[in-house]
Amino acid sequence: MNMIRTAMLLAFMTALFMGVGYLVGGTGGMAIAFVIAAGMNLFGYWNADKMVLRMHHAKEVDERTAPEFYRIVRGLAANAGLPMPRVYVIDNPQPNAFATGRNPQNAAVAATTGLLSRLSPEEVAGVMAHELAHVQNRDTLTMTITATLAGAISMLGNFALFFGGGRNNNNPFGFIGVLVAIIVAPLAAMLVQMAISRTREYAADRRGAEICGQPLWLASALGKIARGAQQIVNQDAERNPATAHMFIINPLSGQRMDNLFSTHPATENRIAALQAMAQEAGLGSEMPYEEPGAGGPWGGGSAAGPWGRSSGGRKGPWS
């Protein structure tokens, strides 16, 4: 089913790319756009994950450079029965994270320094379990390639602004066609938001809670990330809005409503669903208590490090 859904989404994005090409350069522009789109689909299948990681200046880490964070991901991957993904850190103060890769064997997970410094080890585990759930559900290929194509559509719209609409080109609609292309381009990210079903976030929340063993870890993390995303601007995400749907919480400013055009469900609804899940499992419904000033997963005040037990006594997935 995921393969069929991915193929349909790629066909739609290719058609949209060709439509913008037609508005810019007529049939010739549409033909060129088709060739470019076909090449990008092929290139994107193998390299879109690398492009997205590069857009956000992600740096790969290992057990030597980020031992505790790497250990958390390794333990969660083992819990989920997944191959160990590549692990990246993004130097960005906004707390957030995403996963990418064409399949579980070629997956990568990335977290910002803001997330690692603001969240407790248990909350980091909840977030990374959510991202590994996306990998296990094979959402990452669709999410990554659509981000790449939507970014290309936006660039094509910018190209139309400078080179389209002249008398000597093949554009059958003239300047009106160029204006339409310019309007379509900024909406590319919105089309991606509509194409990527928000039910995937709920499914990844639920599976992530199962992987880490405690829904409240992720619930607590979502609240902190949402508040951080409202207060701290993610400049890389603002420059590449088509990648917004890949993050665990929408990294763009000014998009908080749970409506058709939002990349994510309302955070309050996600937290409520996780609390209900915890209550059903007999794990309570209160958020975990955290000592003021608790540090990130490499220390700084949290007594429950990624090698020990949480404040509730549950053993972490890294143990």
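**A buried ring and what surrounds it**

Author: Let us begin with Phe247, which is buried, since its relative accessible area is 2%, and please keep in mind throughout that this is a predicted model.

Reader: OK, so how many aromatic pairs are there by the rule used here?

Author: The count comes to one aromatic pair. Its members are Phe98 and Phe247, whose ring centres are 5.0 Å apart and whose planes stand at 70°, and because an angle over 60 degrees counts as edge-to-face, that is how this pair is classed.

Reader: Where do Phe98 and Phe247 lie in the chain?

Author: Phe98 belongs to strand E3, residues 97–100, while Phe247 sits in the loop between helix H10 (235–239) and helix H11 (267–280), so the pair ties together parts that are 149 residues apart in sequence.

Reader: And Phe98, is that one buried or exposed?

Author: Phe98 counts as buried, because its relative accessibility is 1% and the cut-off for buried is under 20%.

Reader: Which way do the residues of E3 point?

Author: Ala97 and Ala99 point one way from E3, whereas Phe98 and Thr100 point the other way, and all of them are buried.

Reader: What is the order of the strands in the sheet?

Author: The sheet is open and is formed by four strands in the order E1-E2-E4-E3, with mixed pairing. E1 and E3 stand at the edges with a single partner strand each, so one side of each has no neighbour in the sheet. From one strand to the next, the twist averages 30°.

Reader: In what sense do E3 and E4 pair, then?

Author: E3 and E4 pair in the antiparallel sense, over four bridges. Within that pairing, Ala97 stands opposite Ala111 in E4, and Phe98 has Ala110 of E4 as its bridge partner.

Reader: Switching to helices now: which strands does H2 lie across?

Author: H2 lies across E1, E2 and E4, and it runs at about 135° to E2. This helix covers residues 67–80, which makes 14 residues, and it reaches 20 Å from its first C-alpha to its last, close to the 20 Å expected at 1.5 Å a residue.

Reader: Which residues in H2 are buried?

Author: The buried residues of H2 are Glu68, Phe69, Tyr70, Ile72, Val73, Gly75, Leu76, Ala77 and Ala80. What covers them includes strands E1, E2 and E4 together with helices H3, H4 and H8. Just after H2 comes Gly81, which takes a positive phi of about 70°.

Reader: You mentioned H4, so how many of its residues are buried?

Author: In H4, 15 of its 16 residues are buried, and the helix is therefore mostly covered. H4 lies across E3 and E4, running at about 25° to E3. Its 16 residues should span 22 Å at 1.5 Å a residue, and the distance of 22 Å between its end C-alpha atoms agrees with that. After H4 comes Arg138, whose phi is positive, near 60°.

Reader: Which residues have the most contacts inside the largest nonpolar core?

Author: The largest nonpolar core has 46 residues, and those with the most contacts inside it are Phe69, Leu76, Leu115, Val124, Val127, Met128 and Ile225. There is also a second, separate core of 16 residues, which includes Val20, Met40, Ile145 and Leu149.

Reader: Where is Ile225, and what does it touch?

Author: Ile225 is in helix H9, residues 215–231, and it counts as buried, with a relative accessibility of 0%. Leaving out residues up to four places away in sequence, Ile225 touches Pro95, Asn96, Leu115, Leu119, Val127, Ile248 and Ile249. The C-alpha atoms of Ile225 and Ile249 are separated by 6.9 Å, although these two residues are 24 residues apart along the chain.

Definitions and conventions: Residues numbered from 1 in each chain as written. Predicted model: local features only at pLDDT ≥ 70, side-chain atom pairs only at ≥ 80, totals over all residues. Heavy atoms only, no water. Helix = DSSP H or I, 4+ residues; strand = E, 2+ residues; numbered from the N terminus. Expected span 1.5 Å × (residues − 1). Buried < 20%, exposed > 50% of the residue type's maximum accessible area, 1.4 Å probe, protein only. Contact = heavy atoms within 4.5 Å. Phe/Tyr/Trp six-rings, centres within 6.5 Å; stacked < 30°, edge-to-face > 60°. Pairing = 2+ DSSP bridges. Axes fitted to C-alpha atoms, helices over the stretch in contact; angles between N-to-C directions. Core = buried A, V, L, I, M, F, W, Y, C linked by side-chain atoms within 4.5 Å.
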